[in-house]
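The sequence and the coordinates are shown first.

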2 protein chains.
Amino acid sequence: MKKIYDFAIDLTLDVISGKWKPAILCHLGEHKTLRTGELRRMLPGISQRVLTKQLRELEEDGVVSRQVFGEVPPRVEYSLTEEGRSLREILISMSDWGNRHAQRENQAGQEIEIHNGSKSGFEKM
Amino acid sequence: MKKIYDFAIDLTLDVISGKWKPAILCHLGEHKTLRTGELRRMLPGISQRVLTKQLRELEEDGVVSRQVFGEVPPRVEYSLTEEGRSLREILISMSDWGNRHAQRENQAGQEIEIHNGSKSGFEKM
DNA sequence: CTGAATCCCTTAGGATACTG
DNA sequence: CAGTATCCTAAGGGATTCAG
């Protein structure tokens with residue numbers, strides 16, 4: 001089915017929006033390649049179902065690639081595609097903006113807390 | 001209530017995610033200031049209710065400011081705050097990435113169409 | 001170990017009508 | 001003109017169980 005957007009921004013947002021997608025992209029950016037279980041352990045609270053769903057969507061959008069090894073027990077590895085790596089700058093600036101914004105809002109009385117599992121993402125690429 | 005994020009990216013995403021928010025930010029970026037009705041006409045299909053909701057959230061997040069003129073009939077003007085203007089770079093790179101991504105995906109057989117109501121947003125800032 | 005199948009619930013967004 | 005109040009639905013996530 002044809003997807004239509006009024007703004008290119010909406011397309012980008014579509015790709016990276018998802019409760020765990022930014023985290024997944026950051027982790028994959030830092031570790032090059034990760035198995036399903038490793039990823040799951042890095043995302044406390046995520047369920048198996050949701051994890052695979054988020055990964056499928058990222059794969060569908062061409063930013064993550066999935067490699068299946070025909071072994072027993074099963075072994076599946078995920079990594080960023082070139083397309084996925086090209087998101088780096090955007091994720092970094094979003095991370096920076098978020099940190100600055102949190103500071104300002106907190107000074108203005110808001111209560112925002114950021115754990116920063118990855119300050120700007122992709123450190124070790 | 002205290003908001004907690006694992007990644008600063010999620011906070012930024014929280015601020016700009018919303019069906020009409022990117023469009024609103026772009027339009028406000030280009031026109032400096034817009035009345036409710038002008039904005040509504042620039043967003044074909046949006047309902048009054050949703051428009052005010054999106055605007056309230058953007059205001060709540062400190063990226064948009066709302067100015068009420070005590071006139072009859074009512075007159076309300078919206079504009080970006082300094083905080084909102086600081087989103088410019090991010091929105092532009094997201095727009096660029098989206099356009100490039102659409103091209104590549106279309107060459108790969110996908111069907112993505114972008115009208116580009118604003119190619120990179122904020123042209124006239 | 002990885003993932004599919006169910007079932008459920010919350011919420012963003014839409015349609016519509018009404019008010020100052 | 002700008003905004004609120006209701007009502008409704010579609011979809012993203014979550015919990016749990018089963019399967020190769």
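The account below begins with the fold of the protein and then turns to each DNA strand. The model is predicted.

**Fold of chain A**

The secondary structure of chain A consists of six helices and five strands. Followed along the sequence, these elements of chain A run in the pattern β-α-α-β-α-α-β-β-α-α-β. The C-alpha trace of chain A extends over about 55 × 35 × 25 Å along its principal axes. Of the 125 residues in chain A, 49% are buried.

**The sheet of chain B**

In chain B, three strands form an open sheet in the order E2-E4-E3, and their pairing is antiparallel. Strand E2 (33-35) and strand E3 (64-69) of chain B are at the edges with a single partner strand each, so one side of each has no neighbour in the sheet. From one strand to the next, the twist averages 25°. The antiparallel pairing of E2(B) with E4(B) extends over three bridges. Arg35(B) has Glu77(B) as its bridge partner in E4(B).

**Cysteines**

The count of disulfides over all chains is zero. Cys26(A) is buried, with a relative accessible area of 0%. Cys26(B) is likewise buried, and its relative accessible area is 0%.

**Surface near DNA strand C**

There are 20 residues around DNA strand C, and those that come nearest are Gly37(A), Arg66(A), Lys19(B), Arg49(B) and Gln54(B). Of the atoms of DNA strand C that come within 4 Å of the protein, 67% belong to sugar and phosphate. By class, the residues near DNA strand C divide into seven nonpolar, six polar and seven charged.

**Surface near DNA strand D**

Around DNA strand D there are also 20 residues, of which Lys19(A), Arg49(A), Gln54(A), Gly37(B) and Arg66(B) come nearest. Sugar or phosphate accounts for 66% of the atoms of DNA strand D within 4 Å of the protein, and bases account for the rest. The surface near DNA strand D comprises seven nonpolar, six polar and seven charged residues.

| Protein atom (N or O) | DNA atom | Distance |
|---|---|---|
| Side chain of Arg35(A) | Sugar or linking oxygen, DNA strand C | 3.2 Å |
| Backbone of Gly37(A) | Phosphate oxygen, DNA strand C | 2.9 Å |
| Side chain of Tyr78(A) | Phosphate oxygen, DNA strand C | 3.2 Å |
| Side chain of Lys19(A) | Phosphate oxygen, DNA strand D | 2.5 Å |
| Side chain of Gln48(B) | Base nitrogen, DNA strand D | 3.4 Å |
| Side chain of Tyr78(B) | Phosphate oxygen, DNA strand D | 3.1 Å |

The elements that contribute two or more residues to the surface near DNA strand D are helix H4 (48-60) of chain A and, from chain B, helix H3 (36-42), helix H4 (48-60) and strand E4 (75-80). The side chain of Gln48(B), by contrast, has its listed contact with a base nitrogen of DNA strand D.

Definitions and conventions:
Residues are numbered from 1 along each chain as its sequence is written. Chains are lettered from A and ligands numbered from 1 in the order in which they are written. This is a predicted model: local features need pLDDT of at least 70, side-chain atom pairs count only at pLDDT 80 or more; totals for chains, interfaces and linings use all residues. Side-chain values use heavy atoms; hydrogens and water are left out. A residue is near a molecule or strand if one of its heavy atoms lies within 4 Å of it. A polar contact is a pair of N or O atoms within 3.5 Å; within protein, one must be able to donate a hydrogen and the other to accept it, and residues adjacent in sequence count only if both atoms are side-chain atoms. Helices (H or I, at least four residues) and strands (E, at least two) are DSSP runs, numbered from the N terminus. Ala, Val, Leu, Ile, Met, Phe, Trp, Tyr, Cys and Pro count as nonpolar, Asp, Glu, Lys and Arg as charged, and the others, Gly among them, as polar. A disulfide is a pair of cysteine sulfur atoms within 2.5 Å. Buried means under 20% relative accessible area, exposed over 50%, partly exposed in between (1.4 Å probe, protein chains only). Two strands pair if DSSP finds at least two bridges between them. Axes are lines fitted to C-alpha atoms, for helices over the stretch in contact, and angles run from 0 to 180 degrees between N-to-C directions.
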